[in-house]
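Here is a short briefing on one structure. Take a look at it first, then read on.

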Amino acid sequence: MSTRNEPTRYEGVEYRIQFLALGLAAAFGLLCFQCWNLQVIQYEAINQQAENNQVRPIALPSNRGTIYGRGDVILADNRACTDIVFTPGECTDDAGQSRVDEVIVKLADLLDLSDEALREKVEASGHPFEQIVIKQEVTEADRIRIQEHAFALPGADTVVKPQRRYLHGETGGQLLGYLGLISPKELETWGEENDYDQNDWVGKGGLERMYESSLRSFDGSAMVTQHAWGSAQLRTSQHGNIVVASHDTGGHLMQELEGLRKDPIPGQPLYTTLDIDLQKYCEQLLKGIEGAIVVLEADTGGVLALASSPSNFDPTIFISPSRSSERVALMKQKPSPMRNRCYQENSAPGSTYKIMLATAALEEGIIDKNTTFFCGGSFKLPNVNRPWGCHGRHGQTDIVNAIAYSCDVFFYNVGYKMGIERMHDWGVKMGLGVNTGLDLPGEEAGIMPNAAWKAQYFKDKDRSEQIWYDGETLNSSIGQGYVTTTPLQCAVMQACVLNGGKLVVPHLARDEFQIPIELNLKQSTLDLVMQGMRKCITDPNRGTGRHIMPSPLKFVGKTGTAQIASKQFTKDMEDDEIPYNMRDDAWFIASVLDVEPRVSVCIFFKHGLHGGTGAGPYGKKVLEYFYGREDNAPVVLAQEGQH
Amino acid sequence: MMAKIKTKKPSPVVRIVDWRNLTRMDWFMPIIVLILAIIGWVTLYSATEIQYESYFVTRQMAAFGIGVLIAALILCTDYRFVVALAPIMYLAILVMLYATLSADAIKGSSRWLNLGPVSIQPSELSKFVMVYVLAWYFNFVGDRIKKLPFVILTFVIAGPPILLILGQPDLGTAVCLIPLTGIMLFLAGSRIWHLVFLVLAGIVVLLPFVYFQIHDFDPNPKLRSTMIEAAGPYDLKYHQKKRIHSFLFADEGDNDGDYQQIQSTIAVGSGGLKGKGFQQGTQTRLSYLPYHYTDFIFAHYAEERGFVGCAILMCLYAALLLRGLMFARECPDMMGTQLAVGVIVILTYHSVINIAINIDLLPVTGLPLPFMSWGRTFYLTTMACIGILLSVPMRKNAFVY
């Protein structure tokens, strides 16, 4: 190794090194240029992105609108629902030593929980600074106890959030509806324009759904610095104020940014006409049977009660996390308690339908008060061999007796003379087989048949018999055949003849009152119908509603017995021998005259056998309860009786 | 007359390690290194203090201390002696890389080789070894490098370690060796058209490879298994393909490869002209910037110091590297020139590519930034590089005698 014979460098190596130096300088030049581009030229846009990274809103919960019943009784409001939470990372003494073990024992003791379960829960949590909910929806006593011992319980906090409270439990549950987390489909269809996000709770049924837009509240927000890992948490101070918790789930210290808080906007209150005591009474009456009771204010259409059975569901179970098993059981129950038979189930109205037909025939001039038809027990169409039977032999019958005795032959005659088209038109006019306009979701219309309806109906089913037969007109005349209505529609019809011929729109929300449609019925018509309905109760021998007498109240009413199974099958059986599913449906529509306020009641008793004996007593009880209550007493007798 | 006779003869003793070299050391480069190191510590402290206090900085400073000793040792050692050992080093590194690769098969992917008390990263070591090996080779070949077979032989030598490192897989290092070989070959005096031909050949080979890897790539595969497994040993893995794909086609969505680069771009851009100040960078403080004290520390620095700081930092790097090139130019012998340029290629590669990734010019691959990123092995590598650079002018002085 000698220093003397080094291999000398070749010519031009210096140029190559200079070339490399040039390349190096160019590379750093390019980097500098890109830095200039990002940091100076694009600074505004990129800095905005950085700021968006930093500050995020955290939602502050707010109260949903209160729902009031008749007399401003609160039906649904919000309570402060307190959760006790525990943050292990904050559970230290002054020197920073963990006190988790000791505090868990104390907490378990104070909250009446098991040590083991609580310890497991705390150990299972992902991050020491994540709030672990150790007891949900605690009582006020629990909350106070925790706050009293706060000095000895580092890491334990209370979080208060408003929760819907249904004060009457199962009573009226179907009408109030319930809340649920917004579904992806709802979010897609109307979530965006109404400013919902995926964590919002919305009304899923009943009034909660119908008046979602006014009941809903808008969450406020507090601005907090948001870390990439970890999200801010809320807690409640000793004074009940909502504040941002000291650490987020990632353990970063949190602070609310001053002056950027957006206050929550509570929901609008909803005032309804629902009489919760009456509703409760009606629901108790229906215990154990399948049926529905509708009570309407006859003059305004205000709904006083819409009781249905079964209806054993408390809307609270849908919002309470601890009651999911009840929810599952409820969904499986048959027949479903979620459906209100008052307006979501339609069936043949039977003879209650005759009130409409009598009114229509008198108005159309087909009959008058002197018209009689002979009832010999059956009615025969020309050219048809089959007789249409009546449930008795009523002899020469006029309109008043026909209503009172519910004579089928009289109404076969009337219906045959009137024809199905006019019958259909009047039915629709008096609110049968069409939506009443009730302000609850999911109302069913029922069917008011005519020739066009039948043609379409059978065409849809690909069946050939698309012609309307006269026999079907006869079936329709007594509320059988294709005719189906809801109990609510029958109550509206009853209100119409009671209030002087005005078709009311039933409603629950007081603000939804609509001026009833004046049908311009003749006073003579109404008087005759009322006489018939009064005689139905008072005729001690043959009045179909005679079973509800005696009573101090001046009842009017009409019974209905809708045939379910063929009479051929059941004619030789005693009532209690008939299989349950083949028993006739019992209907009763009733009112009391000469009192204020006038109400119309419709009782629907599925498989109740007879309108008079099955449904009638319920109508009596409901009305006697309504007029006999202290807040309605004394019964105001109107000066002019209505006949 | 007497004076003429009494002329001092040069000492026949050749010292392998000569501590007197320290007194003849270049002064400009150590100052720049010290400034860069201080900037690095301050930046690392700012990036880690909140979470880890001074844990990283003290260890990084210790690494610097050890690095200074290593650099001094290299500086004082005659590089010709080290270069003479290159063939042995070459064989040793091949054995180590192979051992790492076979150990991988047992323990899963790892770049570390466990040698009793110490663990080393053979791929990290291979960078130097290749500098020495190529310097030895070009010195050995001399003028004959103008002939094509010797050019090709260069790649026959460089090929095995590259393939072994690719197999680990450590793409960043493997790719580093390619420009290293190419530039040292260029400097050795090979014919320009040979090099042009090689570059074209490389492109011709590489383009179809990338094309076949990417053309049927589905950024959102239905089977999760395809996201983990590479099809063959030399196929790109899912995340690599995804990074290339999202870089080439600007994929929509928040995939992983994008997330890091989006956040680093935001960090750099939001720094603005003057920066947000010490520990005021929200991207780091709120943990939006991943790897903010290793591969993405430049973005952290840029957020705090702004364009002014970036420009200063890049000037320092450029000054350091250009000073190194100056040594290379002034070095009278070919071996020293080659060593200096090889080392500069390694340092330039790490600093330029790392910064380019940070500012969204290249797709993400894991590479540390000299003097800034946390990582002691790489810090020692960097300091060793500085030592080699500083040792080059020592030989120039030797000719003065």
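Which residues in helix α10 (residues 276-285) of chain A are buried? They are I276(A), L278(A), Q279(A), Y281(A), C282(A) and E283(A). The model is predicted.

**Helix α10 of chain A**

**Helices α13 and α15 of chain A**
- Helix α13 (residues 354-364) and helix α15 (residues 408-418) of chain A pack with their axes 10 Å apart.
- Their packing angle is about 55°, which makes α13(A) oblique to α15(A).
- The crossing of α13(A) past α15(A) is left-handed.
- From α13(A), the residues in contact are K354(A), L357(A), A360(A), A361(A) and E364(A).
- They meet F411(A), V414(A), G415(A) and M418(A) of α15(A).
- By class, this contact of α13(A) with α15(A) has 6 nonpolar, 1 polar and 2 charged residues.

**Contact of chain A with chain B**
- Chain B gives 46 residues to the contact, and chain A gives 37 residues.
- On the chain B side, the elements giving two or more residues are α8 (171-187), α12 (256-271), α13 (282-285), α14 (297-330) and α15 (334-358) of chain B.
- α14(B) gives the most to that side, with 13 residues.
- The side of chain B that touches chain A has 29 nonpolar, 14 polar and 3 charged residues.

Note on methods. Residues are numbered from 1 along each chain as its sequence is written. Chains are lettered from A and ligands numbered from 1 in the order in which they are written. This is a predicted model: local features need pLDDT of at least 70, side-chain atom pairs count only at pLDDT 80 or more; totals for chains, interfaces and linings use all residues. Two residues are in contact if their C-beta atoms, placed from the backbone, lie within 7 Å. Helices (H or I, at least four residues) and strands (E, at least two) are DSSP runs, numbered from the N terminus. Ala, Val, Leu, Ile, Met, Phe, Trp, Tyr, Cys and Pro count as nonpolar, Asp, Glu, Lys and Arg as charged, and the others, Gly among them, as polar. Axes are lines fitted to C-alpha atoms, for helices over the stretch in contact, and angles run from 0 to 180 degrees between N-to-C directions. Angles under 35 degrees count as roughly parallel, over 145 as roughly antiparallel, 65 to 115 as roughly perpendicular and the rest as oblique. A crossing is left-handed if the near helix is turned anticlockwise from the far one by less than a right angle, and right-handed if clockwise. A residue is buried if 20 or more other C-beta atoms lie within 10 Å of its own, exposed if 12 or fewer, and partly exposed in between; C-beta atoms are placed from the backbone.
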